[in-house]
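Please keep the sequence and the model in view while working through the numbered points.

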Amino acid sequence: MARKAVATKAKTQSNIPEFTKEQDLEAYREMLLIRRFEEKAGQMYGMGLIGGFCHLYIGQEAVVTGITMASEKGKDAQITGYRDHGHMLVMGLDPKGVMAELTGRSGGLSRGKGGSMHMFSNEHRFYGGNGIVGAQASLGTGLAFAAKYKGDGSVSIAYFGDGAANQGQVYESFNMAKLWKLPVVFIIENNKYAMGTSIERASATTDFSQRGASFDIPGEQVDGMDVRMVYDAAQRAIEHARSGKGPFILEMLTYRYRGHSMSDPAKYRTKEEVTQYRQERDPIEQVKARLIAGGFQTEEELKAIENGIRAIVTEAADFATNDPEPDAAELWTDITISA
(Lines give C-alpha, C1' and ligand atoms only; values in the text may rest on other atoms or scores of the structure.)
Protein backbone atom coordinates (compact mmCIF):
# COMPACT_ATOMS: atom_id res chain seq x y z
CA MET A 1 0.00 0.00 0.00
CA ALA A 2 1.36 3.42 -0.95
CA ARG A 3 2.45 5.68 1.89
CA LYS A 4 2.40 9.45 1.43
CA ALA A 5 5.68 11.17 2.27
CA VAL A 6 5.52 14.25 4.46
CA ALA A 7 7.19 17.32 2.95
CA THR A 8 8.82 18.44 6.19
CA LYS A 9 9.82 22.09 6.38
CA ALA A 10 13.55 22.58 6.73
CA LYS A 11 14.93 23.78 10.06
CA THR A 12 17.31 26.36 8.75
CA GLN A 13 17.71 30.13 8.66
CA SER A 14 14.40 31.93 8.15
CA ASN A 15 15.75 34.37 5.58
CA ILE A 16 16.14 32.79 2.16
CA PRO A 17 19.52 33.80 0.73
CA GLU A 18 19.47 35.57 -2.61
CA PHE A 19 21.48 34.43 -5.61
CA THR A 20 23.05 36.77 -8.12
CA LYS A 21 22.11 36.42 -11.78
CA GLU A 22 25.41 34.60 -12.37
CA GLN A 23 24.79 32.14 -9.53
CA ASP A 24 21.27 31.37 -10.70
CA LEU A 25 22.50 30.84 -14.26
CA GLU A 26 25.27 28.53 -13.06
CA ALA A 27 22.82 26.53 -10.96
CA TYR A 28 20.32 26.39 -13.83
CA ARG A 29 22.91 25.05 -16.29
CA GLU A 30 24.31 22.48 -13.88
CA MET A 31 20.94 21.14 -12.74
CA LEU A 32 19.55 21.07 -16.26
CA LEU A 33 22.61 19.14 -17.46
CA ILE A 34 21.99 16.54 -14.75
CA ARG A 35 18.27 16.33 -15.57
CA ARG A 36 18.70 15.92 -19.33
CA PHE A 37 21.63 13.51 -18.89
CA GLU A 38 19.65 11.32 -16.53
CA GLU A 39 16.61 11.34 -18.80
CA LYS A 40 18.81 10.19 -21.68
CA ALA A 41 20.40 7.52 -19.46
CA GLY A 42 16.92 6.24 -18.63
CA GLN A 43 16.10 6.02 -22.35
CA MET A 44 19.33 4.17 -23.11
CA TYR A 45 18.68 1.74 -20.27
CA GLY A 46 15.28 1.01 -21.75
CA MET A 47 16.94 0.33 -25.12
CA GLY A 48 19.29 -2.20 -23.52
CA LEU A 49 22.40 -0.08 -24.03
CA ILE A 50 23.01 0.18 -20.28
CA GLY A 51 23.17 -3.04 -18.31
CA GLY A 52 23.05 -3.86 -14.62
CA PHE A 53 21.62 -1.30 -12.23
CA CYS A 54 20.97 2.35 -13.04
CA HIS A 55 19.95 4.81 -10.31
CA LEU A 56 18.80 8.22 -11.56
CA TYR A 57 19.14 11.54 -9.73
CA ILE A 58 16.09 13.23 -11.25
CA GLY A 59 14.52 15.57 -8.68
CA GLN A 60 17.55 15.76 -6.39
CA GLU A 61 19.69 18.02 -8.61
CA ALA A 62 19.76 20.99 -6.22
CA VAL A 63 21.62 19.04 -3.55
CA VAL A 64 24.91 18.28 -5.29
CA THR A 65 24.74 21.50 -7.30
CA GLY A 66 24.44 23.80 -4.29
CA ILE A 67 27.03 21.90 -2.27
CA THR A 68 29.57 21.85 -5.10
CA MET A 69 29.05 25.58 -5.68
CA ALA A 70 29.94 26.13 -2.02
CA SER A 71 33.01 23.86 -2.10
CA GLU A 72 36.47 24.37 -3.58
CA LYS A 73 36.60 22.43 -6.84
CA GLY A 74 39.79 20.49 -7.33
CA LYS A 75 40.59 20.70 -3.62
CA ASP A 76 37.67 19.32 -1.63
CA ALA A 77 36.96 15.61 -2.02
CA GLN A 78 33.51 14.19 -2.69
CA ILE A 79 32.26 10.64 -2.35
CA THR A 80 28.80 9.15 -2.72
CA GLY A 81 26.83 5.95 -3.25
CA TYR A 82 25.54 4.46 -6.47
CA ARG A 83 23.25 7.40 -7.44
CA ASP A 84 26.33 9.15 -8.70
CA HIS A 85 26.01 10.44 -12.28
CA GLY A 86 24.95 13.96 -11.27
CA HIS A 87 27.79 14.34 -8.80
CA MET A 88 30.38 13.70 -11.47
CA LEU A 89 28.82 16.06 -13.98
CA VAL A 90 28.73 18.97 -11.50
CA MET A 91 32.33 18.29 -10.50
CA GLY A 92 33.37 18.84 -14.09
CA LEU A 93 33.84 15.33 -15.44
CA ASP A 94 33.29 14.88 -19.17
CA PRO A 95 29.68 13.81 -19.92
CA LYS A 96 30.98 11.58 -22.72
CA GLY A 97 33.17 9.70 -20.24
CA VAL A 98 30.31 9.35 -17.77
CA MET A 99 27.86 8.05 -20.36
CA ALA A 100 30.47 5.73 -21.89
CA GLU A 101 31.03 4.19 -18.48
CA LEU A 102 27.29 3.56 -18.20
CA THR A 103 27.37 1.65 -21.49
CA GLY A 104 30.56 -0.22 -20.56
CA ARG A 105 32.81 1.29 -23.24
CA SER A 106 36.56 1.78 -23.26
CA GLY A 107 36.20 5.58 -23.19
CA GLY A 108 34.37 5.42 -19.88
CA LEU A 109 35.80 6.98 -16.73
CA SER A 110 36.68 3.54 -15.39
CA ARG A 111 37.45 2.21 -18.87
CA GLY A 112 34.06 0.52 -19.02
CA LYS A 113 34.67 -1.78 -16.06
CA GLY A 114 32.67 0.00 -13.36
CA GLY A 115 29.38 0.85 -15.01
CA SER A 116 26.75 3.11 -13.50
CA MET A 117 27.53 2.33 -9.88
CA HIS A 118 31.33 2.53 -9.74
CA MET A 119 32.99 5.59 -11.24
CA PHE A 120 36.02 7.46 -9.98
CA SER A 121 38.28 10.40 -10.81
CA ASN A 122 41.32 11.12 -8.70
CA GLU A 123 42.02 14.16 -10.88
CA HIS A 124 38.69 15.74 -9.92
CA ARG A 125 38.85 14.38 -6.35
CA PHE A 126 35.73 12.29 -6.84
CA TYR A 127 36.05 8.93 -5.09
CA GLY A 128 32.98 7.03 -6.28
CA GLY A 129 30.25 5.70 -6.88
CA ASN A 130 30.22 3.01 -4.12
CA GLY A 131 27.88 0.04 -4.32
CA ILE A 132 27.90 -0.99 -0.65
CA VAL A 133 25.20 0.87 1.25
CA GLY A 134 26.78 3.28 3.74
CA ALA A 135 30.38 2.48 2.77
CA GLN A 136 30.94 6.01 1.53
CA ALA A 137 30.48 7.38 5.06
CA SER A 138 33.45 5.34 6.26
CA LEU A 139 35.54 6.06 3.16
CA GLY A 140 34.67 9.74 3.34
CA THR A 141 35.85 9.79 6.94
CA GLY A 142 39.09 8.23 5.74
CA LEU A 143 39.48 10.98 3.14
CA ALA A 144 39.03 13.52 5.92
CA PHE A 145 41.65 11.73 8.04
CA ALA A 146 44.08 11.96 5.10
CA ALA A 147 43.30 15.67 4.70
CA LYS A 148 44.05 16.36 8.35
CA TYR A 149 47.17 14.18 8.30
CA LYS A 150 48.54 16.02 5.26
CA GLY A 151 47.35 19.42 6.45
CA ASP A 152 46.19 20.37 2.96
CA GLY A 153 43.16 22.37 4.13
CA SER A 154 40.69 20.27 2.14
CA VAL A 155 37.29 19.03 3.27
CA SER A 156 35.72 15.65 2.60
CA ILE A 157 32.06 15.72 1.56
CA ALA A 158 30.36 12.35 2.01
CA TYR A 159 26.85 11.82 0.65
CA PHE A 160 24.52 9.01 1.69
CA GLY A 161 20.77 8.47 1.82
CA ASP A 162 18.13 8.11 4.49
CA GLY A 163 18.30 4.31 4.07
CA ALA A 164 22.05 4.21 4.64
CA ALA A 165 21.65 6.49 7.67
CA ASN A 166 20.63 3.45 9.74
CA GLN A 167 23.85 1.54 8.98
CA GLY A 168 26.17 0.79 11.89
CA GLN A 169 29.32 1.86 10.07
CA VAL A 170 27.84 5.35 9.72
CA TYR A 171 27.88 5.77 13.50
CA GLU A 172 31.36 4.34 13.85
CA SER A 173 32.42 6.96 11.32
CA PHE A 174 30.62 9.72 13.24
CA ASN A 175 32.47 8.70 16.41
CA MET A 176 35.92 8.72 14.83
CA ALA A 177 35.26 11.92 12.88
CA LYS A 178 34.30 13.78 16.04
CA LEU A 179 36.98 12.19 18.22
CA TRP A 180 39.71 13.34 15.85
CA LYS A 181 37.91 16.53 14.69
CA LEU A 182 38.17 15.51 11.07
CA PRO A 183 37.21 17.94 8.28
CA VAL A 184 34.19 16.09 6.92
CA VAL A 185 30.65 17.15 6.05
CA PHE A 186 28.14 14.29 6.04
CA ILE A 187 25.32 14.94 3.58
CA ILE A 188 22.20 12.84 4.19
CA GLU A 189 20.12 12.99 1.01
CA ASN A 190 16.73 12.23 2.50
CA ASN A 191 14.53 11.39 -0.49
CA LYS A 192 12.00 9.87 1.90
CA TYR A 193 11.82 6.30 0.59
CA ALA A 194 15.32 4.76 0.75
CA MET A 195 15.17 1.67 -1.47
CA GLY A 196 11.39 1.49 -1.34
CA THR A 197 10.16 1.97 2.23
CA SER A 198 9.05 5.30 3.66
CA ILE A 199 11.16 6.73 6.46
CA GLU A 200 8.12 6.67 8.77
CA ARG A 201 8.04 2.87 8.50
CA ALA A 202 11.79 2.25 8.61
CA SER A 203 13.29 4.78 11.02
CA ALA A 204 12.56 5.23 14.72
CA THR A 205 13.52 8.91 14.41
CA THR A 206 13.07 10.79 11.15
CA ASP A 207 15.06 13.95 11.90
CA PHE A 208 18.32 12.72 10.42
CA SER A 209 20.10 16.00 11.09
CA GLN A 210 20.22 14.99 14.76
CA ARG A 211 21.74 11.55 14.18
CA GLY A 212 25.11 12.87 15.36
CA ALA A 213 23.79 14.31 18.62
CA SER A 214 25.28 11.56 20.80
CA PHE A 215 28.69 12.39 19.32
CA ASP A 216 28.20 16.15 19.71
CA ILE A 217 28.17 16.66 15.95
CA PRO A 218 26.06 19.66 14.92
CA GLY A 219 23.39 19.06 12.30
CA GLU A 220 20.86 20.99 10.28
CA GLN A 221 17.84 20.22 8.13
CA VAL A 222 17.87 21.96 4.77
CA ASP A 223 15.33 22.44 1.99
CA GLY A 224 17.11 20.29 -0.56
CA MET A 225 14.76 21.35 -3.36
CA ASP A 226 15.98 24.99 -3.25
CA VAL A 227 19.57 25.35 -4.49
CA ARG A 228 19.96 28.65 -2.59
CA MET A 229 19.21 27.00 0.75
CA VAL A 230 21.57 24.15 -0.05
CA TYR A 231 24.38 26.54 -1.01
CA ASP A 232 23.87 28.67 2.11
CA ALA A 233 23.92 25.72 4.51
CA ALA A 234 26.84 24.07 2.70
CA GLN A 235 28.95 27.21 2.97
CA ARG A 236 28.56 27.25 6.74
CA ALA A 237 29.06 23.50 7.16
CA ILE A 238 32.17 23.39 4.98
CA GLU A 239 33.69 26.38 6.77
CA HIS A 240 32.97 24.68 10.11
CA ALA A 241 34.87 21.59 8.98
CA ARG A 242 37.70 23.47 7.28
CA SER A 243 38.33 25.66 10.32
CA GLY A 244 39.20 22.66 12.50
CA LYS A 245 35.91 22.32 14.37
CA GLY A 246 35.30 18.80 13.11
CA PRO A 247 32.39 17.13 11.32
CA PHE A 248 29.00 18.60 10.43
CA ILE A 249 25.79 16.88 9.30
CA LEU A 250 23.43 18.35 6.71
CA GLU A 251 20.13 16.58 6.10
CA MET A 252 18.87 17.52 2.66
CA LEU A 253 15.09 17.17 2.41
CA THR A 254 14.78 16.19 -1.22
CA TYR A 255 12.71 13.93 -3.48
CA ARG A 256 13.44 11.58 -6.35
CA TYR A 257 10.87 11.46 -9.13
CA ARG A 258 11.82 8.01 -10.40
CA GLY A 259 12.05 4.73 -8.52
CA HIS A 260 15.06 3.65 -6.51
CA SER A 261 16.54 2.24 -9.71
CA MET A 262 15.30 1.75 -13.25
CA SER A 263 13.93 -1.64 -12.25
CA ASP A 264 11.76 -0.15 -9.47
CA PRO A 265 8.11 0.63 -10.42
CA ALA A 266 7.77 2.73 -7.21
CA LYS A 267 4.32 1.41 -6.32
CA TYR A 268 4.89 2.30 -2.67
CA ARG A 269 3.84 5.91 -3.36
CA THR A 270 1.07 7.60 -5.31
CA LYS A 271 1.37 9.25 -8.72
CA GLU A 272 -0.37 12.29 -7.24
CA GLU A 273 2.42 12.73 -4.71
CA VAL A 274 5.11 12.69 -7.41
CA THR A 275 3.11 15.10 -9.55
CA GLN A 276 2.71 17.50 -6.64
CA TYR A 277 6.45 17.63 -6.04
CA ARG A 278 7.11 18.18 -9.75
CA GLN A 279 4.60 20.98 -10.01
CA GLU A 280 5.27 22.76 -6.72
CA ARG A 281 8.84 22.01 -5.68
CA ASP A 282 10.91 21.27 -8.78
CA PRO A 283 14.42 22.72 -8.20
CA ILE A 284 15.03 23.65 -11.84
CA GLU A 285 11.68 25.32 -12.38
CA GLN A 286 12.24 27.44 -9.27
CA VAL A 287 15.46 28.87 -10.72
CA LYS A 288 13.91 29.32 -14.14
CA ALA A 289 11.02 31.28 -12.64
CA ARG A 290 13.42 33.57 -10.72
CA LEU A 291 15.52 34.28 -13.80
CA ILE A 292 12.44 35.26 -15.81
CA ALA A 293 10.73 37.19 -13.00
CA GLY A 294 13.93 39.16 -12.32
CA GLY A 295 14.28 40.13 -15.95
CA PHE A 296 17.65 38.36 -16.15
CA GLN A 297 16.67 35.94 -18.92
CA THR A 298 13.87 35.56 -21.43
CA GLU A 299 12.11 32.32 -22.28
CA GLU A 300 13.98 32.33 -25.59
CA GLU A 301 17.38 32.76 -23.92
CA LEU A 302 16.70 29.92 -21.49
CA LYS A 303 15.53 27.78 -24.38
CA ALA A 304 18.85 28.42 -26.11
CA ILE A 305 20.68 27.25 -22.98
CA GLU A 306 18.57 24.11 -22.90
CA ASN A 307 19.23 23.42 -26.59
CA GLY A 308 22.97 23.69 -25.91
CA ILE A 309 22.71 21.22 -23.02
CA ARG A 310 20.65 18.81 -25.10
CA ALA A 311 23.41 18.92 -27.72
CA ILE A 312 26.00 18.03 -25.07
CA VAL A 313 23.89 15.09 -23.89
CA THR A 314 23.24 13.89 -27.44
CA GLU A 315 26.96 14.00 -28.17
CA ALA A 316 27.64 11.99 -25.01
CA ALA A 317 25.01 9.40 -25.96
CA ASP A 318 26.37 9.07 -29.50
CA PHE A 319 29.91 8.64 -28.17
CA ALA A 320 28.78 6.05 -25.61
CA THR A 321 26.92 4.11 -28.28
CA ASN A 322 29.71 4.01 -30.86
CA ASP A 323 32.80 3.79 -28.65
CA PRO A 324 34.35 0.29 -28.67
CA GLU A 325 34.02 -2.08 -25.75
CA PRO A 326 37.14 -2.61 -23.62
CA ASP A 327 39.77 -4.98 -24.91
CA ALA A 328 39.82 -8.37 -23.19
CA ALA A 329 43.24 -7.45 -21.77
CA GLU A 330 41.48 -4.94 -19.49
CA LEU A 331 40.33 -7.89 -17.40
CA TRP A 332 43.86 -8.05 -15.96
CA THR A 333 44.50 -4.34 -15.31
CA ASP A 334 43.97 -2.55 -11.98
CA ILE A 335 44.38 -5.82 -10.09
CA THR A 336 46.85 -6.36 -7.29
CA ILE A 337 47.88 -9.98 -6.71
CA SER A 338 49.77 -10.82 -3.55
CA ALA A 339 51.60 -14.05 -2.85
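1. The axes of α2 (residues 61-70) and α8 (residues 227-245) cross at roughly 45° and come within 8 Å. Axes here are lines fitted to C-alpha atoms, for helices over the stretch in contact, and angles run from 0 to 180 degrees between N-to-C directions. Helices (H or I, at least four residues) and strands (E, at least two) are DSSP runs, numbered from the N terminus.

2. The model is predicted: local features need pLDDT of at least 70, side-chain atom pairs count only at pLDDT 80 or more, and totals for chains, interfaces and linings use all residues. Residues are numbered from 1 along each chain as its sequence is written, and side-chain values use heavy atoms, with hydrogens and water left out.

3. On the α2 side, the contact (heavy atoms within 4.5 Å) is made by A62, V63, T65, G66, I67, M69 and A70, and on the α8 side by V227, V230, Y231, A234, Q235 and I238. These residues divide into 10 nonpolar, 3 polar and no charged. For this count, Ala, Val, Leu, Ile, Met, Phe, Trp, Tyr, Cys and Pro are nonpolar, Asp, Glu, Lys and Arg are charged, and the others, Gly among them, are polar.

4. How many residues of α2 are buried? The number is 10 of the 10, so α2 is largely enclosed by the rest of the structure. Buried means under 20% relative accessible area, exposed over 50%, and partly exposed in between (1.4 Å probe, protein chains only). Among the buried residues of α2 are E61, V64 and T68.

5. Helix α2 also meets α1: their axes come within 9 Å and cross at roughly 135°. This angle makes α1 oblique to α2, and the crossing is right-handed. From α1, the residues Q23, E26, A27, E30, M31, I34 and R35 meet E61, A62, V64, T65 and M69 of α2. By class, this contact has 6 nonpolar, 2 polar and 4 charged residues.

6. A further partner of α1 (residues 21-46) is α4 (residues 95-102); the two pack at an angle of about 25°, with their axes 11 Å apart. They are therefore roughly parallel to each other. In this contact, α1 supplies F37, K40, A41 and M44, while α4 supplies P95, V98, M99 and L102. The classes are 7 nonpolar, no polar and 1 charged.

7. Is S156 buried or exposed? S156 is buried, with a relative accessible area of 1%, and is found in strand β3 (residues 156-161). Leaving aside neighbours within four places in sequence, S156 is in contact with A77, G140, L143, A144, P183, V184 and V185.

8. Several loop residues may be compared. Q297 sits between α10 (283-293) and α11 (299-322) and counts as buried at 12% relative accessibility. Not counting residues up to four places away in sequence, Q297 touches K21, L25, L291, I292, L302 and I305. K267, in the loop between β6 (248-253) and α9 (271-281), is exposed, with a relative accessible area of 70%.

9. K181 is not a glycine, yet has a positive phi of about 50°; K181 lies between α6 (168-179) and β4 (184-190) and counts as partly exposed at 41%. D216, also other than glycine, has a positive phi near 60°. Its loop runs between α7 (199-202) and β5 (219-223), and at 56% relative accessibility D216 counts as exposed.

10. As for annotation, an unreviewed UniProt entry lists residues 30-328 as "domain: Dehydrogenase E1 component". UniProt positions are given in the numbering used here, feature names are shortened, and annotations may be inferred rather than shown by experiment. Over residues 30-328 the chain is 46% helix and 11% strand, with the end C-alpha atoms 36 Å apart.

Technical notes:
Angles under 35 degrees count as roughly parallel, over 145 as roughly antiparallel, 65 to 115 as roughly perpendicular and the rest as oblique. A crossing is left-handed if the near helix is turned anticlockwise from the far one by less than a right angle, and right-handed if clockwise.
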